[in-house]
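Hello,

Here is the structure I promised to pass on. Please open it first, then read my notes below.

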Amino acid sequence: MSQDHQTLGEFIIEKQNEFKYSTGELSKLINAIRLAGKIVNHEVNKAGLIDIIGGSGTINVQGEKQQKLDILAHEIFVHTLSNREIVCGIASEEEDHFLPINSLDNKNQNKYIVLIDPLDGSSNIDVNVSVGTIFSIYRRISPIGKPVTMDDFLQPGNKQVAAGYIIYGTSTMMVYTTGHGVNGFTLNPAIGTYYLSHPNMEFPPDGNIYSINEGNYTHFPNGVKKYIKYCQMEEGNRPYTSRYIGSLVTDFHRNMIKGGIYIYPKHNQLGTGKLRLLYECNPLAFLAEQAGGIASNGFNRILDIQPTELHQRTPFFCGSKNMVAKAEEFMGAYK
Ligand code: P6P
């Protein structure tokens with residue numbers, strides 16, 4: 001019975017003292033994300049019934065068609081986070097610039113910033129494939145009392161204080177870390193409560209799933225091409241299984257549970273990878289490392305990359321440590 005499990009609310013209170021600077025604000029922030037996730041879940045689950053699927057007719061800063069639900073999810077998270085005296089700034093995939101959020105007393109007293117991909121994989125909504133929200137939380141580094149600055153958002157991923165995702169799938173789950181392991185909570189929609197269903201989630205060190213869009217094969221670096229052929233060879237526990245559904249959160253979540261590697265490499269037409277460093281790769285890299293996995297750009301640790309732009313992209317190799325290490329071996333051998 002779900003009530004036999006600890007609720008997310010109880011978990012946050014119990015773990016409160018593990019948070020650095022535990023003044024309760026980070027707990028309030030995690031709670032606000034929990035609330036926003038429930039509201040988005042409600043909208044995603046009825047997307048087929050109301051005129052809310054499909055394109056909005058607008059283009060985001062990435063030059064990608066915005067889905068109506070992308071924008072709705074963005075607005076839900078911004079509104080939920082803005083009026084709770086927690087954050088001093090929000091950056092979103094759906095906004096060109098970061099959004100300064102002043103405290104209600106107009107004295108810029110809030111200490112946290114959030115970077116978010118409100119609805120990753122949203123092009124899958126029309127075909128009823130799981131999608132997700134990804135979030136990344138830092139403490140501001142600019143002086144409290146002043147407006148938030150771009151430097152607050154351009155911190156390397158190793159400075160994150162918390163990160164996670166909400167996956168809107170066959171069930172809705174919130175999976176997050178504050179630097180003390182990864183825990184997964186499943187929503188009981190009947191009562192709107194998240195229950196601890198996946199304590200201490202860990203990537204198996206090995207796996208047999210590789211996730212990559214092989215349609216881009218001709219554009220891949222040689223090291224990736226060689227790694228794909230390695231995955232397909234009949235040797236040891238190979239050939240592996242190819243699983244790629246075009247929804248990063250879902251591919252990541254499955255691979256963390258079953259063991260696997262997700263790769264979105266540099267490809268010639270993009271000049272770099274497709275995925276964004278700040279609100280896709282950094283939060284998932286934090287989770288991956290906390291779950292015993294690895295996240296790199298094929299050569300270097302994602303969390304050590306010093307960002308220079310809000311929406312910058314990076315190649316992304318993430319998952320079971322032995323699989324990522326093997327892929328990096330090929331990247332090094334076939335530079
Ligand atoms: P492609 C969705 O747009 C996304 O950012 C990830 O969720 C997904 O893994 C990837 O892009 C899919 O990209 O080029 O393979 O369609």
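**Charges over rings**

Arg139 lies over the face of Tyr112, and the distance to the ring centre is 5.5 Å. Please keep in mind that this is a predicted model. Arg238 does likewise with another tyrosine: its charged end sits over the ring of Tyr230, 3.7 Å from the centre.

Tyr230 also belongs to an aromatic cluster.

**Aromatic pairs**

How many aromatic pairs are there? The count is 13. Two of the pairs are worth a look.

Start with Phe11 and Phe185. Their ring centres are 5.0 Å apart and their planes meet at 70°. Planes over 60 degrees apart count as edge-to-face, so this pair is edge-to-face. Where do the two residues lie? Phe11 is in helix 1 (residues 8-15). Phe185 is in strand 9 (residues 182-188). The pair therefore ties together parts that are 174 residues apart in sequence.

Phe11 has 6% relative accessibility, so Phe11 counts as buried. Phe185 has 0%, so Phe185 is buried too.

Next come Phe203 and Phe252. Here the ring centres lie 5.5 Å apart, with the planes at 90°, so this pair is edge-to-face as well. Phe203 sits in the loop between strand 10 (193-198) and strand 11 (209-211). Phe252 is in helix 6 (residues 248-258). Phe203 is buried, with a relative accessible area of 4%. Phe252 is buried at 2%.

**Two domains**

The protein is divided into domain 1 (8-198) and domain 2 (209-333). Their C-alpha centres lie 23 Å apart. Domain 1 puts 49 residues into the contact, and domain 2 puts in 33 residues.

How much area do domain 1 and domain 2 bury between them? The figure is about 2900 Å², with 62% of it on carbon and sulfur atoms. Which three residues supply more than any others of the area that domain 1 buries against domain 2? They are Ile134, Leu154 and Tyr165, which supply 21% of that area.

Charge pairing is also present here. One salt bridge is counted between domain 1 and domain 2. Glu93 forms a salt bridge with Arg276, and their closest N and O atoms are 2.9 Å apart.

Best wishes

Conventions. Residues are numbered from 1 along each chain as its sequence is written. This is a predicted model: local features need pLDDT of at least 70, side-chain atom pairs count only at pLDDT 80 or more; totals for chains, interfaces and linings use all residues. Side-chain values use heavy atoms; hydrogens and water are left out. Rings of Phe, Tyr and Trp (its six-membered ring) pair if their centres lie within 6.5 Å; planes under 30 degrees apart count as stacked, over 60 as edge-to-face and the rest as tilted. Helices (H or I, at least four residues) and strands (E, at least two) are DSSP runs, numbered from the N terminus. Buried means under 20% relative accessible area, exposed over 50%, partly exposed in between (1.4 Å probe, protein chains only). A charge sits over a ring if NZ of Lys or CZ of Arg is within 6 Å of the ring centre and within 35 degrees of the ring normal. Domain bounds come from an automatic or database domain assignment. Contact means heavy atoms within 4.5 Å. Buried area is the accessible area (1.4 Å probe) that two parts lose on being put together, summed over both. A salt bridge is a side-chain nitrogen of Lys or Arg within 4 Å of a carboxyl oxygen of Asp or Glu.
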